[in-house]
Amino acid sequence: MFVLQNSIASTIMMKLSNCGSLPKDPAYKRQCFCNLISAAALLCIVFFMGSAFVAIDIKEKVSTWGAANSVQNSQTNLETKRNLETTKSSLCESQWKPAGSEPLPKGIISQTSNFEMQPLWGSPERKVKTKHSKSLLAIPVGIKQKGAVSQIVEKFPSNNFTVMLFHYDGVVDEWSDVRWSDSALHISAINQTKWWFAKRFLHPDVVAEYNYIFLWDEDLEVENFHPLRYLSIIKREGLEISQPALDTAKSAVHHGITARWRKGDVHRRIYKLGGGGRCYENSTTPPCTGWVEMMAPVFSRDAWRCTWHMIQNDLVHAWGLDTKLGYCAQGDRSKNVGVVDSEYIVHRGIPTLGGLDEKKRNADSASGASQTKPSNLEKVKVHHGSSTSKDRSAVRKRSYFELNLFRKRWQKAVIEDKCWVDPYS
Ligand SMILES: *[C@@H]1O[C@H](CO)[C@@H](O)[C@H](O)[C@H]1NC(C)=O
Ligand SMILES: *[C@@H]1O[C@H](CO)[C@@H](O)[C@H](O)[C@H]1NC(C)=O
Ligand SMILES: *[C@@H]1O[C@H](CO)[C@@H](O)[C@H](O)[C@H]1NC(C)=O
């Protein structure tokens, strides 16, 4: 009852406080007037309910008192039972269960899952003890990149990585002859992007057991990349979101921060002392620090849980997402987001699932457009075989549209969430 009264009281307070300062807008005044009326109505209800409860309370007391006189023993029993029930209910109030699972006893609830394959026979519990934690490699693939993808997957030790392929061209059977095909998971959906797949098949509760999620493109070369060394570096450096640096001699480099440094294991910022969009040691925002590009991101479990929630179901090119990744860095983005130099890759930048016109992209980068528009990073992809320049420009158009929408949604969300505090403001 008290709780109820309190919550109603706070509702009333809220409604009234909304009217604190009266702007001139007549619509606002009207709303305010309604609020006052509904607040008054609520007050009446509280009053009536309050008195009803008091009445019931008194009746109960009278009847227990009467019973106590006649049967002493059963009274004691009843009290013990009641005490037990109160302890149980106060114990249970603090118990947390995932939404929807409340009717079940806690111990049977399996909230998270994984992609590990299970044998059809033998004891299901036998393997559990020997299991050590793995990471996940997920790549959107088309059959035309089979050779390149195979080279990537071969580099990832199967003891330490589970592999998941997202087939955007619907061709799955033709992968069956690669050595690791049977132990990989294959998901097929025509013409869908990496972010579409990730949103649908990498729910944080489903990938909860993987230490790190590698959400990579297919057009990468991994000659100088060793997954286990990479893991030990990002663990040591506390990088919650990272990417391997790009070999500048062989890669299409679109953003300064991804270019490989020759010294040290990692870098977390770039310096750009001239021209537009300058970056100094004291810069705190992307593109100077606190972000990575989206062709080969690696997320920690917690960073992924956060990032997954930020991916919009309909914004499949995810333009603009990268600049907000810092919010998922589990702390200071200029420390927890970084690029690993000692384990590096080549980004071939070929138009795979379509792909941007490379000439156009390079022109953008050269003119410095990429520095001032750090979010236009995501490679645009459409089905390879039939992708024409018309397709590509249509995809490009949609990508910009998505970028705009994402920014608008972010701004709206920031304004509407009164409880949210921007750690980077
Ligand atoms: C990789 O797997 C091996 C063998 O299963 C295990 O001993 C090792 O600890 C794993 N390494 C990492 C970084 O998880
Ligand atoms: C950051 O450093 C630059 C160059 O050293 C300086 O001009 C600028 O005022 C500094 N900005 C802040 C906010 O300290
Ligand atoms: C996939 O995209 C290509 C163009 O890139 C198009 O020709 C094809 O019809 C699309 N397939 C489906 C099923 O949408």
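Predicted model: local features only at pLDDT ≥ 70, side-chain atom pairs only at ≥ 80, totals over all residues.
**Helix 5**

**Just before helix 5**

Next I stopped at Asn 191, in the loop between strand 3 and helix 5. Is Asn 191 buried, exposed or partly exposed? I found 15 other C-beta atoms within 10 Å, so I wrote down "partly exposed".

**The nonpolar core**

I looked up the largest nonpolar core and found 64 residues in it. The residues with the most contacts inside this core are Leu 136, Leu 137, Ala 138, Ile 139, Ile 213, Phe 214 and Ile 241. Which strand gives the most to the core? My note says strand 9, with six residues.

**Helix 6**

Helix 6 covers residues 227–237, and I listed its buried residues as Pro 227, Tyr 230, Ile 233 and Ile 234. Why are they on the same side of helix 6? They cover an arc of only 120 degrees around the axis, and that puts them there. I turned to the other side of the helix and found Lys 235 and Arg 236 exposed.

What do the buried residues of helix 6 pack against? I noted helix 4 (146–155), strand 2 (161–167), strand 6 (241–246), strand 7 (266–267), strand 8 (298–300) and strand 9 (337–347). After the helix comes Gly 238, and I wrote down its positive phi, near 65 degrees.

**The loop between strand 7 and strand 8**

I looked up two residues in this loop, Arg 278 and Pro 287. Arg 278 has 12 C-beta neighbours inside 10 Å, so I counted it as exposed. Leaving aside neighbours within four places in sequence, I found Arg 278 in contact with Lys 272 and Leu 273. I also checked Arg 278 against Cys 288, ten residues apart along the chain: their C-alpha atoms are separated by 7.9 Å.

For Pro 287, I looked at the peptide bond that joins it to Pro 286. This bond is cis, with omega at about 5 degrees.

**Gln 330**

I found Gln 330 in the loop between helix 8 (321–324) and helix 9 (333–336). Gln 330 is not a glycine, yet I read a positive phi of about 60 degrees. With 17 other C-beta atoms within 10 Å, Gln 330 went into my notebook as partly exposed.

**Confidence**

Last, I looked up the pLDDT. The mean for the protein is 80, and 72% of its residues reach 70 or more. Over residues 1–30 I saw pLDDT below 50, with 21 contacts in the model beyond near neighbours in sequence. Residues 354–386 also stay under 50, and there I noted 87 contacts beyond four places in sequence.

Definitions and conventions:
Residues numbered from 1 in each chain as written. Chains lettered and ligands numbered in written order. Buried ≥ 20, exposed ≤ 12 C-beta atoms within 10 Å, placed from the backbone. Helix = DSSP H or I, 4+ residues; strand = E, 2+ residues; numbered from the N terminus. Arc of directions from axis to C-beta. Contact = placed C-beta atoms within 7 Å. pLDDT = per-residue confidence, 0-100. Core = buried A, V, L, I, M, F, W, Y, C linked by C-beta atoms within 7 Å.
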